[in-house]
Amino acid sequence: MINLDTERLLIRNFQSNDWKDLHDYLSIEEVLKYEPGNVCDEVECKQMALERSQNDIFMAVVLRETHNMVGHIYFNQIKPDEFLTWGLGYIFNPKYYGNGYATEASRRVLQYGFEVLKAHRVIAMCNPENHSSWRLLERLPMRREGHHMKKAFFYRDNEGQPVWHDAYQYAILAEEWVSE
Ligand SMILES: CC(C)(COP(=O)(O)OP(=O)(O)OC[C@H]1O[C@@H](n2cnc3c(N)ncnc32)[C@H](O)[C@@H]1OP(=O)(O)O)[C@@H](O)C(=O)NCCC(=O)NCCS
């Protein structure tokens, strides 16, 4: 069960009735530009919120004052378990960009990862074109430790060929983590 707080935010498990807030931003093409998958309709968001309410991998981020959901964080252990490595990801609602909410929430999740889950290492991948994402990672602070050329593709061109993109890899080790 996830229940983390920061100065302005609560980070908690998804609830099935979060689907509307999820739909508010997962229905926007621009939000998913650097993510696998397409925009989601209401039915898909209902299913997604329900599924996400049953695990700790996806966490809803809500404002403490209004309880409005501003986005979500993904934090999942990467195999093999004994390497104690987690992957971090995030998608926020553009209505709330530019307030530092994603940084504040991600930093709190890193603290949870290192102090409660006893993570040894946390990694994050992002497209080099996604400046707001890697700037966020550097604020946490995570370290850029790799530039993978043509690492993956999320869609194909009109001829059915994969549109490969590069990826930066960021990481932070337990011994690099300094809690505020
Ligand atoms: C990546 C994403 C979460 C970044 O959102 P964001 O709002 O820019 O990120 P932050 O919460 O860290 O906010 C940082 C901005 O708030 C400003 N800010 C205001 N108050 C702040 C505070 N207290 N602390 C930190 N930053 C603050 C910063 O100056 C920065 O603004 P700038 O980009 O104009 O320099 C968002 O663009 C997003 O969800 N994108 C779509 C999904 C996506 O691409 N996910 C990542 C895939 S790898």
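This is a predicted model: local features need pLDDT of at least 70, side-chain atom pairs count only at pLDDT 80 or more; totals for chains, interfaces and linings use all residues.
Numbering runs from 1 along each chain as its sequence is written, and side-chain values use heavy atoms, with hydrogens and water left out.

Around the ligand sit 21 residues, of which Phe 92, Ala 102, Thr 103, Arg 135 and Arg 139 come nearest. As for polar contacts (pairs of N or O atoms within 3.5 Å), the backbone does its share: a backbone N or O atom of Tyr 90 lies 2.9 Å from a ligand nitrogen, one of Gly 98 lies 2.9 Å from a ligand oxygen, and a polar backbone atom of Ala 102 is 2.7 Å from an oxygen atom of the ligand. Taken alone, the ligand exposes 950 Å², and the protein buries 70% of that (Shrake-Rupley method, 1.4 Å probe).

Turning to the aromatic residues, the structure holds six aromatic pairs, meaning Phe, Tyr or Trp rings (the six-membered ring for Trp) with centres within 6.5 Å. Phe 75 and Trp 86 make a stacked pair, 6.2 Å centre to centre with 15° between the planes; stacked here means planes under 30 degrees apart, against over 60 for edge-to-face and tilted for the rest. Phe 75 counts as buried because its relative accessibility is 4%, and Trp 86 is buried too, at 8% (buried means under 20% relative accessible area, 1.4 Å probe, protein chains only). Elsewhere, Trp 134, Tyr 168 and Tyr 170 form one aromatic cluster.

How values were computed. A residue is near a molecule or strand if one of its heavy atoms lies within 4 Å of it. A polar contact is a pair of N or O atoms within 3.5 Å; within protein, one must be able to donate a hydrogen and the other to accept it, and residues adjacent in sequence count only if both atoms are side-chain atoms. Buried means under 20% relative accessible area, exposed over 50%, partly exposed in between (1.4 Å probe, protein chains only).
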